[in-house]
Amino acid sequence: MSAKTHHGYEPFDMKDPFPAYAELRREEPVMYDERIGYYVVSRYEDVKATFEDWESFSSENAQAPVRPMGEPAKKIMADGGFTAYSGLSARVPPEHTRLRSVASKAFTPRRYKVLEPAIRENVDIMIDKMIAAGEPGDILSDIAHDLPTITILTLMGVPISRIPEIKKWSASRALMTWAELTDEEQIPHAHSLVEYWNFCQEVVADNKANPGRDNLVNDLLVLQADGHEISDHEIASLLYSMLFAGHETTTTLISNSLRLLLSNPDAYQALVAEPEKIPGAIDEVLRMGGSIVAWRRKATRDAEIGGVKIPKDSGVLLLMGSANRDAAVFENPDVFDIGRENARNHMSFGYGIHFCLGNLLAKLQGKVVLEEITKKMPTLRLMPGADINFIENLSFRVPTSVPVEWSN
């Protein structure tokens, strides 16, 4: 296949990008795609090495809009006082090191493990409600849509009555950053992001005025008061990032877990019979159906990836979804195997200094969902003929629905 066809790779098409990924790994593992202006990296070894070399490949563009923001949206955000910056993913050392150190002291296993009973109770309520409503159900809308949002809002001390707004703001953030919107299409989302940022600042101010609450924002403010270097603006920026990242990707993880398991009924039945296999199954889901399949970096100097010269200031797109199916690392990479011994070597949470801080919370929620749903719905299956679509964007592989049935 000639380079002009980009080996079948379409940057925004998430329906089934994996054959194109395989072609890239074989034919042009580091390919310049002039349509998006990025060097596209597809082999595991190269993706890992690029993540690791944060000095040559900065994360500063990780949250930059794929299509530059138009003047109308810029004006709306400037007039609205929008000054949010990345929580961690787009920051670079030493600032990243300082903030991650403080955030890690607050975002501890203790902080999220105490949420497990509430997560399990919420999952049970949602499953029972789906069963009571009758067939067909939808894993995405009936369970995955709200559960991670409730969890992250509880973690942050935000009332769950704000779920509809958080979901709206998060959708705007995803579209403004990773989709190809026209100037006109950006306008409503710019208004949303101003509302979102103002809300994050209000939450920090409210917790500061009312100390002692049992939530992550208060934990960060306590660390601040104890002399750790973190500003109110930086805490609000962490909140801005975590409220988005902490639920959108987990919604997708839960949806993709059931989508993949039910597409492989023997695997689902194996979990019904032996729920202790669930943690390994989640790692295999993350390998084969990760929420994020591509992430961006920017060359800070003339560099090289896989023998290809990368000029300074070039954009680099790391295809984790391709790395996760590299036969050099994963035997029979296109086979879904919940017993795969090295599945946890997947790249779906990134690698290196920016490895996802919330990975354990995401996996905990996935584990609880699978434990409860395999117990309560052992005959669960995909709706026959279900044609599951995925939202077009550069980085996230998000199914639009996961329709299911369960009657004998």
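Modeller: Happy to! Let's start with His346, whose side chain is joined to that of Asp283 by a polar contact of 3.4 Å (a pair of N or O atoms within 3.5 Å; within protein, one must be able to donate a hydrogen and the other to accept it, and residues adjacent in sequence count only if both atoms are side-chain atoms). Please keep in mind that this is a predicted model, in which local features need pLDDT of at least 70 and side-chain atom pairs count only at pLDDT 80 or more, while totals for chains, interfaces and linings use all residues. Residues are numbered from 1 along each chain as its sequence is written, and side-chain values use heavy atoms, leaving out hydrogens and water.

His346 sits in the loop between α15 (320-323) and α16 (359-376); helices here are DSSP runs of H or I with at least four residues, numbered from the N terminus. With a relative accessible area of 7%, His346 is buried, the term for under 20% with a 1.4 Å probe and protein chains only. Apart from neighbours within four places in sequence, His346 is in contact (heavy atoms within 4.5 Å) with Asp283, Leu286, Arg287, Asn324 and Phe330.

As for α16, 14 of its 18 residues are buried.

Now to the rings. Rings of Phe, Tyr and Trp (its six-membered ring) pair if their centres lie within 6.5 Å; planes under 30 degrees apart are stacked, over 60 edge-to-face and the rest tilted. By this rule there are 17 aromatic pairs. Trp169 and Tyr196 are stacked, 5.7 Å centre to centre with 20° between the planes. Because Trp169 belongs to helix α9 (residues 163-178) and Tyr196 to helix α10 (residues 183-209), the pair ties together parts 27 residues apart in sequence. Trp197 and Tyr240 instead pair edge-to-face, at 6.1 Å and 90°. Trp197 is in α10 and Tyr240 in helix α12 (residues 232-263), so this pair ties together parts 43 residues apart in sequence. Trp197 is buried at 0%, and Tyr240 is buried at 5%.

How values were computed. Helices (H or I, at least four residues) and strands (E, at least two) are DSSP runs, numbered from the N terminus. Buried means under 20% relative accessible area, exposed over 50%, partly exposed in between (1.4 Å probe, protein chains only).
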